[in-house]
Amino acid sequence: MNRSKSLAALRATAASGRPVIGAGAGTGLSAKAAEAGGVDLIIIYNSGRYRMAGRGSLAGLLPYGDANAVVVEMSREVLPVVERTPVLAGVCGTDPFRRMPYFLDELARMGFAGVQNFPTVGLYDGVFRANLEETGMGYGLEVDMVRLARERDLLTAPYVFDVESAVAMTEAGADVLVPHMGLTTSGTIGARTALTLEESAARVQEMRDAAVAVNPDVLVLCHGGPIAEPEDAAYILAHTTGVVGFFGASSVERLPTERAIKQQLTDFKSIPMS
């Protein structure tokens with residue numbers, strides 16, 4: 001599915017009053033199940049592989065592999081089983097070993113409908129983040145990647161972290177913005193430190209308002225932190241204006257898997273023996 005058709009479908013969903021839902025997929029089975037559940041977007045990036053290996057999602061930001069190569073490898077598992085849903089690639093825009101225009105062309109030829117910026121330095125802060133910016137590995141490269149993707153008519157759905165990044169990504173031509181509230185809470189490998197839902201709603205609203213001041217047509221979803229379950233996403237959507245949906249990775253892949261397998265085994269172990 002190309003960008004224009006994908007974007008039209010997303011806008012039609014939002015206009016109908018239904019939430020736009022994106023899902024991270026670390027396996028082909030996850031992607032297949034997400035599509036069966038009616039997901040609007042599927043995104044694959046390196047953290048999906050680590051997450052489904054039982055590691056925290058932040059493993060995707062550490063030197064455990066070539067993030068962009070992992071996505072290409074994962075695509076062989078995911079793209080063939082997805083029939084009608086746009087699939088986006090999580091692209092490490094700060095990768096100094098990729099000629100980004102050519103890499104984006106390669107992703108398009110493989111069948112990706114668009115991109116998201118992941119791994120992202122937006123999740124780093126403090127002195128380390130400042131040093132990344134000072135040494136040519138900053139968030140601006142992710143903005144440049146989104147601009148290049150937009151020029152290639154790829155759907156773009158970047159993570160943003162504050163008003164400044166929301167404005168920059170919108171000016172770069174982003175179709176969908178995903179305000180990121182941090183590592184998702186809950187489950188066996190989820191975060192314990194996070195914003196509150198009330199704080200998250202305020203931050204998402206602030207980024208949404210800044211973005212639509214640049215482009216009234218940009219779509220805004222929420223993601224991460226305490227927004228872990230459907231009722232959490234419902235709270236954010238009820239306490240914001242103009243936010244049209246939710247993107248979940250751990251929320252739609254890791255947490256349901258943890259619960260389902262645990263309960264299935266509990267049920268098996270509860271079989272009475274005669």
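Predicted model: local features only at pLDDT ≥ 70, side-chain atom pairs only at ≥ 80, totals over all residues.
A residue is called partly exposed when its relative accessible area falls between the buried range, under 20%, and the exposed range, over 50%. Asp144 and Arg147 are three residues apart in helix 7 (residues 140-151), so about one helical turn separates them.

That pair belongs to a wider set. Side chains of opposite charge can pair when their charged atoms come close. The count for this model comes to 13 salt bridges. Arg3, Asp153 and Asp175 are even linked in a network of them.

Helix 11 turns up again and again here. Within this helix, Glu258 and Arg254 lie four residues apart, about one turn, and their side chains meet in a salt bridge at 3.0 Å, N to O.

Another bridge joins Glu229 to Arg259, with the closest N and O atoms 2.9 Å apart. Glu229 sits in the loop between strand 8 (219-222) and helix 10 (230-238) while Arg259 is in helix 11, so this pair ties together parts that are 30 residues apart in sequence. Glu229 counts as buried at 18%, and Arg259 is partly exposed at 44%.

Charges aside, Ile261, Leu265, Phe268 and Ile271 make a nonpolar surface patch of about 410 Å². Of these, Phe268 is found in helix 11 (residues 250-269).

Notes
Residues numbered from 1 in each chain as written. Heavy atoms only, no water. Patch = residues over 30% accessible without salt bridge, like charges linked within 9 Å, V, L, I, M, F, W, Y side chains within 5 Å. Areas by Shrake-Rupley, 256 points an atom, 1.4 Å probe, with all protein chains shown as cover. Salt bridge = Lys/Arg side-chain N within 4 Å of Asp/Glu carboxyl O. Helix = DSSP H or I, 4+ residues; strand = E, 2+ residues; numbered from the N terminus. Buried < 20%, exposed > 50% of the residue type's maximum accessible area, 1.4 Å probe, protein only.
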